[in-house]
Structures are given as structure tokens and as C-alpha cells.
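Please read it alongside the sequence and the coordinates.

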Amino acid sequence: MSKPKSSSVEHRSDGSQPWLHQKGRVIQEFGTVKQFPVALSMDTRLYSCQRLNKVLADTRILHDLYKKYHWLMRGATFYQLHLLLDKHADEQLELIDTVAERVQTLGGVAIGDPRHVAEITTVPRPPDGVEEVPAMLSRLLEAHELILTECHDAAARTQEMGDDGTNDILVSDVVRTNELQAWFVAEHLVDTPLVHA
């Protein structure tokens, strides 16, 4: 590999000058899997990575919605929802890492660039401004339901194909977390009196 040229700095192999502005060739294309010794066929791993990357893209959008709405919360329940939405965002962030690492474990390429995420997600884009609180909560619930629908189908298919690890992550982590979070958010949309029956 030839060394980068610079007119202002002389590079030495024993110096502390970082090699800046490097460009490299792509060594694995998105949507491919490399051979890994995980006792699953190439076709199974490719399928699982495709499904996982879809879940990953939607989960990244859901995480960002939670952070946005955590900041933009309004009204009498501001404090409770501000804290709840931040907690849910943190839990979604854990799922993002879990799902991305599963893609890598299968020899695939986890979706990373937010512009690429925007191309793949099916979670509708919200307005750039601030909606009323019930609308924000409804958007969160719709995103949860999209992810859960995708996960139920993907979990069933990956189980049929013998990919127990992917099935376990989809069911034990993604489905259970999203179901619990959807419950917590949905209960904030119940119109019930606080002080009299």
C-alpha cells in the first residue's frame, strides 16, 4: 500500500503523526454474508441478516423517536413521560446493539449509516415540529406495532430455518421489550379521571 503524500508534513513510520483522509475499498458489501463456522447455511444466514437489518433500521428510528419525544414532552404529565421515554430510549439502544451484533455474528453487515436506515425503515416520518402529546405517543405505539409485526414473522421464519439464535433474540429481546414498552405507553392514552369515579 502506498503512503499518502503531504506537502506540509513528512510522514515517518516511527512518528506519531496519524494517517489522515484515508479512503479504502469496500471489503464486504451490505446484503452479503461471509462464511462463518456457526453451523448455519449461507442461505439461512443471509435471510436472517436481511430480516435483522430491517428490524435494526426500524428500531433505530424508534429509538430516535423516543429521544425526540423525551425532549419535546409537554403538559401535566411532562415529568413522568420525560423519564419514561428516556428509559425506553435506553432500552431500545440496547436492542440496537444486540441486533447489530447478531448480524455480525452471522457474517453479515449491520446497517449503520442513518441515511441508509432512512431508506430501509417503514416507520413513518413524523413532522419536524412538535405535535400534541397524544399524537407523539400514538406514533410510538404505531412504530412498536410495526416492529412487533415484523419480528413475529421473522421469528417464525428463522425458527423454521433452524436459526435458533436469531429466533431467540427476536422473541426474548425485541418482542418482549417492545410489548412491555407498548403497554406502558398505551396506558398513558387512557382517558380516566384521577380523583373521582
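Histidine 21 lies in the segment before α1, and alanine 39 also has its place in the segment before α1, where helices (H or I, at least four residues) are DSSP runs numbered from the N terminus. The model is a predicted one, in which local features need pLDDT of at least 70 and side-chain atom pairs count only at pLDDT 80 or more, while totals for chains, interfaces and linings use all residues. Residues are numbered from 1 along each chain as its sequence is written, and side-chain values use heavy atoms, with hydrogens and water left out.

Most residues other than glycine have a negative phi. Histidine 21, by contrast, has a positive phi near 55°, and the phi of alanine 39 is likewise positive, near 60°.

| Residue | Relative accessibility | Class |
|---|---|---|
| Histidine 21 | 76% | exposed |
| Alanine 39 | 80% | exposed |
| Tryptophan 183 | 49% | partly exposed |
| Phenylalanine 184 | 37% | partly exposed |

Rings of Phe, Tyr and Trp (its six-membered ring) pair if their centres lie within 6.5 Å, with planes under 30 degrees apart counted as stacked, over 60 as edge-to-face and the rest as tilted; by this rule there is one aromatic pair. Tryptophan 183 and phenylalanine 184 have ring centres 5.1 Å apart and planes at 80°, so the pair is edge-to-face.

Helix α1 (residues 42–72) packs against helix α5 (residues 164–186) at about 25°, with axes 12 Å apart, the axes being lines fitted to C-alpha atoms over the stretch in contact and the angles running from 0 to 180 degrees between N-to-C directions. This makes α1 roughly parallel to α5, given that angles under 35 degrees count as roughly parallel, over 145 as roughly antiparallel, 65 to 115 as roughly perpendicular and the rest as oblique. The contact (heavy atoms within 4.5 Å) involves residues including Leu52 and Tyr66 of α1 and Leu170 and Asn178 of α5.

Helix α2 (residues 78–105) and α5 pack at about 170°, with their axes 11 Å apart, and the two are therefore roughly antiparallel. Among the contacting residues are His88 and Arg102 of α2, together with Asp173 and Phe184 of α5.

Conventions:
Buried means under 20% relative accessible area, exposed over 50%, partly exposed in between (1.4 Å probe, protein chains only).
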